[in-house]
Amino acid sequence: QVQLVESGGGLVQPGGSLRLACAASGFTVSSYVMSWHRQAPGKARELVAVLTTAGGLTNYADSVKDRFTISRDNSKNTVYLQMNSLKPEDTAVYYCKAVQPRTAPLRTYWGQGTQVTVSS
């Protein structure tokens, strides 16, 4: 059974840091395209960061570039999002997503989300 469980969210002051974790079960994260998305109240869900499969290429939304880092620990089958220099506009529910490439339709899984609140 495939499952994604996010953790690490919370309340942090502007300028602070958080590290989100997405623990996967039922599949191997290194074989999937992994990504983090976020949704703020009243706004659409948006892509934050993407990590490809074996090559490990990354891509980021302009709003988080140079502040956020997506990474993967294959031994723990977990994907992380390191968030530094947090701003109030980073406040949102953050979701982990896994997509299995070369499937039709694309096999896609979402986690339940973790709340990040940036406020003084």
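Trainee: Hi! What should I know before I start looking?

Mentor: This is a predicted model, so local features need pLDDT of at least 70 and side-chain atom pairs count only at pLDDT 80 or more, while totals for chains, interfaces and linings use all residues. Residues are numbered from 1 along each chain as its sequence is written, and side-chain values use heavy atoms, with hydrogens and water left out.

Trainee: Let's start with A44. Where is it?

Mentor: A44 sits in the loop between β4 (33-39) and β5 (46-51). Strands here are DSSP runs of E with at least two residues, helices are runs of H or I with at least four, and both are numbered from the N terminus.

Trainee: Is A44 buried or exposed?

Mentor: A44 is exposed, with a relative accessible area of 63%. Buried means under 20% relative accessible area, exposed means over 50%, and partly exposed is in between, using a 1.4 Å probe and protein chains only.

Trainee: And which residues is A44 in contact with, leaving aside neighbours within four places in sequence?

Mentor: Those are R38 and Q39, where contact means heavy atoms within 4.5 Å.

Trainee: R38, okay. Which salt bridges does R38 form?

Mentor: R38 meets E46 through their side chains, at 2.6 Å from N to O. R38 also forms a salt bridge with D90, with the closest N and O atoms 2.9 Å apart. The term means a side-chain nitrogen of Lys or Arg within 4 Å of a carboxyl oxygen of Asp or Glu.

Trainee: What parts does the D90 and R38 pair tie together?

Mentor: D90 lies in the loop between β8 and β9 and R38 in strand β4, so the pair ties together parts that are 52 residues apart in sequence. Both D90 and R38 are buried, whereas E46 is partly exposed at 34%.

Trainee: How many salt bridges are there in the whole structure?

Mentor: A search finds four. One of them joins D62 and K65, whose closest N and O atoms are 3.1 Å apart. D62 counts as exposed at 67% relative accessibility, and K65 as partly exposed at 38%. Salt bridges that share partners also join R38, E46, R67 and D90 into one network.

Trainee: New topic: rings! How many aromatic pairs are there?

Mentor: The structure holds four. F27 and Y32 make a tilted one, 4.3 Å centre to centre with 45° between the planes. Rings of Phe, Tyr and Trp (its six-membered ring) pair if their centres lie within 6.5 Å; planes under 30 degrees apart count as stacked, over 60 as edge-to-face and the rest as tilted.

Trainee: Which cluster do ring pairs link Y32 into?

Mentor: Ring pairs link F27, Y32 and Y109 into a cluster. Y32 is buried at 7% relative accessible area, and Y109 is partly exposed at 22%.

Trainee: Which residue lies over the face of Y95?

Mentor: R45 does, at 3.7 Å from the ring centre. A charge sits over a ring if NZ of Lys or CZ of Arg is within 6 Å of the ring centre and within 35 degrees of the ring normal.

Trainee: Last one: which residues touch the most other members of the largest nonpolar core?

Mentor: Of its 30 residues, M34, W36, L81, M83 and Y94 do. A nonpolar core is a set of buried Ala, Val, Leu, Ile, Met, Phe, Trp, Tyr and Cys residues joined through side-chain atoms within 4.5 Å.
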